[in-house]
Amino acid sequence: MTNHEASNLAWEHLRAGRISEAGKLFTQVLSRDPKYAAALHGLAHCVYPKGLRREAIDLLTRAVRADPKRADAHIELAVCLRAEGHVDAAMQSAKKALQLDPARGFFHAALGSIYEAKGRREEAIESYLRAA
């Protein structure tokens, strides 16, 4: 099975809630190619629910370095960073995600929550309205 096929299958497992199976496949892909962005991104989805936020941040950081145009990884990195209190870095990641895909409502909502965390109420409201 190619890395692409294994990664796609792992994402299917992840969407179906089979996190353990997904994690194994993502790990196999990364053993062959440590910079495979889709596997880094997917493995972050596997570790974050286990409370491994720092590991998820590391994986997502590596994913966006490997594939800077991966908007979903940028926004998920922003969400993880915000949860860990790294609000400025979270804002940078959220803004990058929106540069890549400005039509995604969730991206605007995530940026709104970051603005809110920084006490920037007007910008938060504007982002939330764009999310709707």
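Which residues of the largest nonpolar core touch the most other members? I looked this up and found that they are Phe26, Ile75 and Ile114, out of the 42 residues in that core. I took a nonpolar core to be a set of buried Ala, Val, Leu, Ile, Met, Phe, Trp, Tyr and Cys residues joined through side-chain atoms within 4.5 Å, where buried means under 20% relative accessible area, exposed over 50%, and partly exposed in between, with a 1.4 Å probe and protein chains only. At least two residues of this core are supplied by each of α1, α2, α3, α4 (53–66), α5 (71–83), α6 and α7 (105–117). I noted beside this that in soluble globular proteins nonpolar side chains tend to be buried together.

Before going on, I wrote down that the model is predicted, that local features need pLDDT of at least 70 and side-chain atom pairs pLDDT 80 or more, while totals for chains, interfaces and linings use all residues. I also kept in mind that residues are numbered from 1 along each chain as its sequence is written, and that side-chain values use heavy atoms, with hydrogens and water left out.

**Helix α1**

I then turned to α1, residues 3–15, whose 13 residues reach 18 Å from the first C-alpha to the last, close to the 18 Å expected; the expected span is 1.5 Å times one less than the number of residues. Helices here are DSSP runs (H or I, at least four residues), numbered from the N terminus. In α1 I found Asn3, Ala6, Ser7, Ala10, Trp11, His13 and Leu14 buried. They lie on the same side of α1, because they cover an arc of only 155° around the axis, the arc being that of the directions from the helix axis to the C-beta atoms. What covers these buried residues includes α2 (19–32) and α3 (37–47). After α1 comes glycine 17, with a positive phi near 85°.

**An aromatic pair**

I counted 1 aromatic pair, using the rule that rings of Phe, Tyr and Trp (its six-membered ring) pair if their centres lie within 6.5 Å, with planes under 30 degrees apart called stacked, over 60 edge-to-face and the rest tilted. The partners are tryptophan 11 and phenylalanine 26, edge-to-face at 5.6 Å centre to centre and 75° between the planes. Tryptophan 11 lies in α1 and phenylalanine 26 in α2, so the pair ties together parts that are 15 residues apart in sequence. Tryptophan 11 is buried at 15% relative accessible area, and phenylalanine 26 is buried at 0%.

**Helix α3 and the cysteines**

How many of the residues of α3 are buried? I found 10 of its 11, and these buried residues pack against α1, α2, α4 and α5. One of them is Cys46, with a relative accessible area of 3%. I found 0 disulfides, a disulfide being a pair of cysteine sulfur atoms within 2.5 Å. The sulfur of cysteine 46 is 13 Å from the closest cysteine sulfur, in cysteine 80, which is too far for a bond. Cysteine 80 is also buried, at 5%.

**Contacts of two residues**

Last, I looked up contacts (heavy atoms within 4.5 Å), leaving aside neighbours up to four places away in sequence for serine 93 and within four places for isoleucine 114. Serine 93, in helix α6 (residues 87–100), is buried at 9% and touches His74, Leu77, Ala78 and Leu81. Isoleucine 114 is in contact with Ala78, Arg82, Val87, Ala90, Met91 and Ala94.
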